[in-house]
Amino acid sequence: MAPSLGERSISGLQADRVARIRALPTAELHLHIEGTLEPELAFELAARNGIALPFDSLDDLRSRYEFTDLQSFLDLYYECMAVLRTRDDFRTLGERYVQRAFEQGVRHVEIFFDAQAHTVRGVNAEDVLDGLLDALETGRQRGMSGGLILSFLRDRPVLEAMDTLESLAHRAADLLAVGLDSAEVGYPPQLFVPVFARAKELGLHRVAHAGEEGPAEYVRDALDLLGAERIDHGVRSLEDPELIKRLRDERIPLTVCPFSNVRLAVVPDLTKHPILDLLAAGVLATVNSDDPAYFGGYLADNMAGLAEAFDLGDDVLVRLARNSVEGSFASVERKAELHALIDEWARGGGGELLG
Ligand code: HPA
Ligand code: ZN
């Protein structure tokens with residue numbers, strides 16, 4: 001019998017199935033904190049900081065969430081984040097994300113922040129860092145572990161990225177990793193070789209967006225030239241069978257973002273998403289939300305969307321959850337704790353969020 005409207009979630013799954021998916025413990029490895037800025041919070045912070053947003057109302061802002069490609073999204077993303085100015089703003093942003101993510105099963109998170117997008121507006125990079133660390137501490141008190149990834153904007157000057165890294169070098173212990181994001185095509189990984197070499201010297205992990213809009217070659221170059229330990233998106237790797245074999249053999253995680261890929265027209269719709277092809281090829285693919293305020297859902301919403309699109313059973317969901325833990329930079333001990341939580345869910349428990 002078709003479910004009544006009240007029993008359906010936005011994904012179209014039965015409400016109890018969605019609740020169970022939301023209770024599945026996961027690690028979120030691809031999340032831009034600025035992409036969690038919900039329209040309500042954008043207006044709240046604009047008022048707090050006396051900034052005029054160029055939108056008439058929440059609905060007017062929401063009506064702009066129609067993207068044709070990565071750049072059309074980035075234009076709005078950078079425009080909205082102008083409301084973020086103080087340590088308090090970043091703490092609020094981070095805490096709202098932590099709350100929502102917790103409700104969606106996330107128990108470990110590695111958060112990207114775009115320091116340059118703030119420093120170019122006169123915001124102090126350490127205020128950004130400290131506000132986000134405050135939010136992670138709030139998460140830690142609830143049982144969510146995590147860390148921060150300083151992500152460089154590849155469509156801005158390389159020297160600016162290097163200066164940003166040097167300005168936070170004395171805070172390296174507060175960072176988990178560096179990353180590379182923003183407009184991909186035309187900004188190949190090799191530009192950032194010196195910046196990633198310096199990050200390695202500072203003892204930071206290295207990840208990079210590659211193979212979202214850019215070619216499989218950028219994935220290979222991110223691995224070979226930047227020393228990337230994990231690839232963000234990477235879905236276009238499927239165009240290169242040799243690369244796919246390498247990703248499988250070297251257990252290089254891909255942080256895949258299904259809703260993002262649909263909303264930015266990387267794939268035509270969820271039923272055409274290649275995540276199952278990646279899993280079938282033995283690649284350590286994970287599910288993530290990227291910019292959930294803009295793309296229609298948080299991590300478990302992405303899982304539920306896939307579950308509906310492909311009629312997935314618990315076995316595939318558990319595999320994706322385990323991949324997220326394995327692909328994280330969490331300690332061996334923390335990974336074991338997270339796997340134990342997943343075991344409990346797989347036995348039918350872990351349902352403290354149900355109800
Ligand atoms: N790709 C590149 N840059 C980004 C993204 C993305 O999906 N989200 C925020 N910055
Ligand atoms: Zn991203």
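Trainee: How much of the chain counts as buried?

Mentor: Of its 355 residues, 56% do. Buried means under 20% relative accessible area, exposed is over 50%, and partly exposed sits in between, with a 1.4 Å probe and protein chains only. Keep in mind that this is a predicted model, where local features need pLDDT of at least 70, side-chain atom pairs count only at pLDDT 80 or more, and totals for chains, interfaces and linings use all residues. Side-chain values use heavy atoms, with hydrogens and water left out, residues are numbered from 1 along each chain as its sequence is written, and chains are lettered from A and ligands numbered from 1 in the order in which they are written.

Trainee: Ok. How many helices and strands are there?

Mentor: The chain has 17 helices and 8 strands. Those are DSSP runs numbered from the N terminus: H or I over at least four residues for helices, E over at least two for strands.

Trainee: Switching to the metal. Which residues coordinate the zinc ion (ligand 2)?

Mentor: H30, H32 and H209, each through NE2, plus D290 through OD, at 2.0 to 2.3 Å. Donors here are N, O and S atoms within 2.8 Å of the metal (3.2 Å for Na, K and Ca), and water is not among the atoms, so sites may look incomplete.

Trainee: What's the spacing of the donors along the chain?

Mentor: H-x1-H-x176-H-x80-D. H209 is in strand 5 (residues 205–210) and D290 in the loop between strand 8 (285–287) and helix 14 (292–295), so this pair ties together parts that are 81 residues apart in sequence.

Trainee: Are H209 and D290 buried or exposed?

Mentor: Both H209 and D290 are buried.

Trainee: What's the geometry of the zinc site?

Mentor: Irregular, with angles of 81 to 172° among the 4 donor atoms. Four donors count as tetrahedral if all angles lie between 85 and 135 degrees; four count as square planar and six as octahedral if opposite donors are over 155 degrees apart and all others between 65 and 115; anything else is irregular.

Trainee: Next, ligand 1. Which residues surround it?

Mentor: Among them are H32, H209 and D290 from the zinc site, along with S182 and D291. For this list, a residue needs a heavy atom within 4 Å of the molecule.

Trainee: Which polar contacts does S182 make with ligand 1?

Mentor: A polar backbone atom of S182 is 2.8 Å from a nitrogen atom of ligand 1. A polar contact is a pair of N or O atoms within 3.5 Å; within protein, one must be able to donate a hydrogen and the other to accept it, and residues adjacent in sequence count only if both atoms are side-chain atoms. A side-chain N or O atom of D291 lies 2.7 Å from a ligand 1 nitrogen.

Trainee: What's the phi of S182?

Mentor: Positive, about 75°, although S182 is not a glycine. S182 sits in the loop between strand 4 (177–181) and helix 9 (193–201) and is buried, at 7% relative accessible area.
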